[in-house]
Amino acid sequence: MGPIIVVVELQNDAMSPATGELLTRARQLAQARSTRVVALGFGEAARSALAASGADDAVLVVGADPYVPTLAEAALRQMVRETSAGLVLLANTTMGMDLGAATAAAEGRPMVAYVTSLTAVEGGEFTATSQVYAGKLVAEVAVPEGSVLTVLPGSWPADDAVAGGTPVREVAVAPESAMELVRTIEPETGDVDITRADVLVSVGRGIQDPDNLELADELAEALGAVVSCSRPVVDAGWLPRARQVGKSGQTVKPKLYLALGISGAPEHLQGMKDSEIIVAVNSDPAAPIFEVAHYGATCDILELMPLLTELLGEAG
Amino acid sequence: MRIAVLVKDVPDLVEELELDESGRALAVDDLSYVPSEWDDQALEEALLLKEASGAHVSAVALDTGDIDNMLYAALAKGADRAVKLVGDYDRTMPGRQRARILADYLADAGYDLVMTGVQAVDDLDGQIAGLLGGMLGWPHASVVRDVAVGSGPVSFVQEYAGGRMAEFRSATPLVLGVQAAKKPPRYVPIARIRQVSRSATLEEVEAGAPSAESTLAVQRLYRPEAQGHATMWEGDAAEVAAALVALLDEQHLRS
């Protein structure tokens with residue numbers, strides 16, 4: 001089988017945790033299939049992550065920093081063709097969504113998205129599980145050699161330490177002019193930093209109306225907590241982006257995460273599942289949030305919030 | 001600027017998802033369907049572009065069954081044209097097959113910008129925007145917002161983890177997977193959709209047959225085996241509030 005290509009992503013100038021997870025599984029699978037791991041990173045910023053990848057071959061795409069989707073895609077496709085890649089692993093992030101499906105389609109390879117497990121099976125193929133229907137169902141699929149997979153971050157643990165010092169070789173890709181970066185935009189610095197709060201009162205679609213946010217604010221005040229939210233609340237313009245927990249927002253690990261009216265789509269769980277205690281209240285007893293929560297209830301959050309605020313006030 | 005917005009419907013997740021006898025697929029005939037929420041965002045963003053710059057917006061859908069109302073709704077919201085790609089299609093079609101049919105149609109349909117939802121709840125074999133970009137060889141980007149069009153390149157903002165973003169400019173034709181529109185998707189009353197359905201026409205285009213290209217073999221579809229399920233507090237809101245306060249005390253989390 002051809003090598004397993006892992007696309008390396010950075011977070012705060014270091015290898016992202018999701019990339020570490022991909023490399024860990026890639027090394028295991030490569031050993032099982034007697035093949036190599038190729039780590040592919042974009043631009044000079046990826047050099048140290050590539051050197052620490054523990055891959056058999058670490059490849060730096062020269063001039064591909066900062067990230068431009070078309071350029072990165074051209075480099076990945078070139079690598080997939082040149083190496084006759086046996087598998088291509090990407091994290092299910094923005095970069096993974098940009099490059100995964102397009103590379104699969106352009107190179108005529110199968111694609112599996114939202115992967116949560118990947119194992120080698122006898123006979124040469126692999127089996128993957130994927131979260132579909134917002135985490136309500138799992139699909140187990142046969143993964144033929146040559147497939148491209150985007151893996152949900154946090155799906156399996158990463159090795160703690162990898163022997164560093166992988167030699168990094170450089171490749172160039174043809175300049176890409178269709179798309180160009182205009183500017184990078186740093187995260188909004190909100191009035192509060194939700195990543196530093198001990199207790200988060202986090203609201204989702206179940207809040208129903210922006211007027212009901214007052215109930216969450218009052219509860220947060222009584223709890224000494226901060227209000228955060230899931231993506232739909234931000235998209236509706238009810239809370240600023242700095243308050244958003246999840247894949248495209250913040251990753252939080254508070255002592256208590258109180259999820260109110262949040263169903264628990266994979267993108268949201270990605271940002272809060274490592275909280276110390278998770279309490280979820282959602283009217284749907286089958287909501288995926290209950291799979292990660294420690295305590296749950298299905299009562300009406302609009303009734304619960306003022307009652308809880310009142311109780312805390314009485315006893316406080 | 002000619003914009004195609006690709007829309008589709010997906011199972012309504014509010015309802016129980018029943019599997020068919022094989023255990024490998026949904027019992028598609030027993031489910032109810034709703035427009036994919038991210039496609040709604042893409043449509044809204046396109047309609048805002050039309051209002052801002054006079055772009056011409058076409059809503060495009062594969063005729064997988066009972067999709068007329070979705071297209072009439074797009075017209076009622078302000079789309080200029082609704083295109084139904086007609087063929088031997090049904091709702092079990094994988095995304096890859098849908099993408100190939102859409103790509104074949106889009107390749108010479110003359111659109112400058114193709115917008116669709118960044119993802120759908122059922123796109124197991126890849127998101128449509130990326131698949132189309134790869135098939136057509138057009139520039140494309142996912143997790144996109146704040147699209148702007150003028151006489152030249154299209155500009156847009158792409159989101160990354162942790163709230164970081166970047167603004168890009170791209171030549172056309174271009175495919176964008178839209179995460180969120182500048183405003184929440186507009187609402188149109190059912191009466192208005194009915195009214196439009198009586199006066200407007202859906203343009204039917206005979207499209208290609210589904211191909212077996214890189215189809216995934218689903219071996220099993222199942223509800224997640226709970227790694228650990230929450231301990232559920234039964235009772236009304238007052239009882240749940242009392243249980244929560246007891247937990248806060250136990251964990252010394254009272255402020």
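Q: Which residues touch the most other members of the largest nonpolar core?
A: This is a predicted model. The largest nonpolar core has 96 residues, and those touching the most other members are A:Phe42, B:Leu106, B:Leu113, B:Leu132 and B:Val147.

Q: And which helix gives the largest share of this core?
A: Helix α2 of chain B, residues 68–77, provides the largest share, with 7 residues.

Q: What is B:Leu106 in contact with, leaving aside its neighbours within four places in sequence?
A: Its contacts include B:Ala4, B:Leu6, B:Tyr111 and B:Val114. B:Leu132, B:Leu136 and B:Trp138 are also in contact with B:Leu106.

Q: New topic: how many residues of chain A are in contact with chain B?
A: On the chain A side there are 83 residues, in contact with 80 residues of chain B. About 7,000 Å² is buried between the two chains, and carbon and sulfur atoms give 61% of that area.

Q: Which residues in chain A lose the most area to chain B?
A: They are A:Met97, A:Tyr133 and A:Glu140, which together account for 10% of what that side buries.

Q: What about salt bridges, how many are there between chain A and chain B?
A: The count is 6. One salt bridge joins B:Glu167 and A:Arg183, with their closest N and O atoms 2.7 Å apart.

Q: Then which helix gives the most to the side of chain A that touches chain B?
A: That is helix α4 of chain A, residues 94–107, with 8 residues. The residues on that side of chain A comprise 48 nonpolar, 17 polar and 18 charged.

How values were computed: Residues numbered from 1 in each chain as written. Chains lettered and ligands numbered in written order. Predicted model: local features only at pLDDT ≥ 70, side-chain atom pairs only at ≥ 80, totals over all residues. Heavy atoms only, no water. Core = buried A, V, L, I, M, F, W, Y, C linked by side-chain atoms within 4.5 Å. Buried < 20%, exposed > 50% of the residue type's maximum accessible area, 1.4 Å probe, protein only. Helix = DSSP H or I, 4+ residues; strand = E, 2+ residues; numbered from the N terminus. Contact = heavy atoms within 4.5 Å. Buried area = accessible area lost by both parts, 1.4 Å probe. Salt bridge = Lys/Arg side-chain N within 4 Å of Asp/Glu carboxyl O. Nonpolar A, V, L, I, M, F, W, Y, C, P; charged D, E, K, R; others polar.
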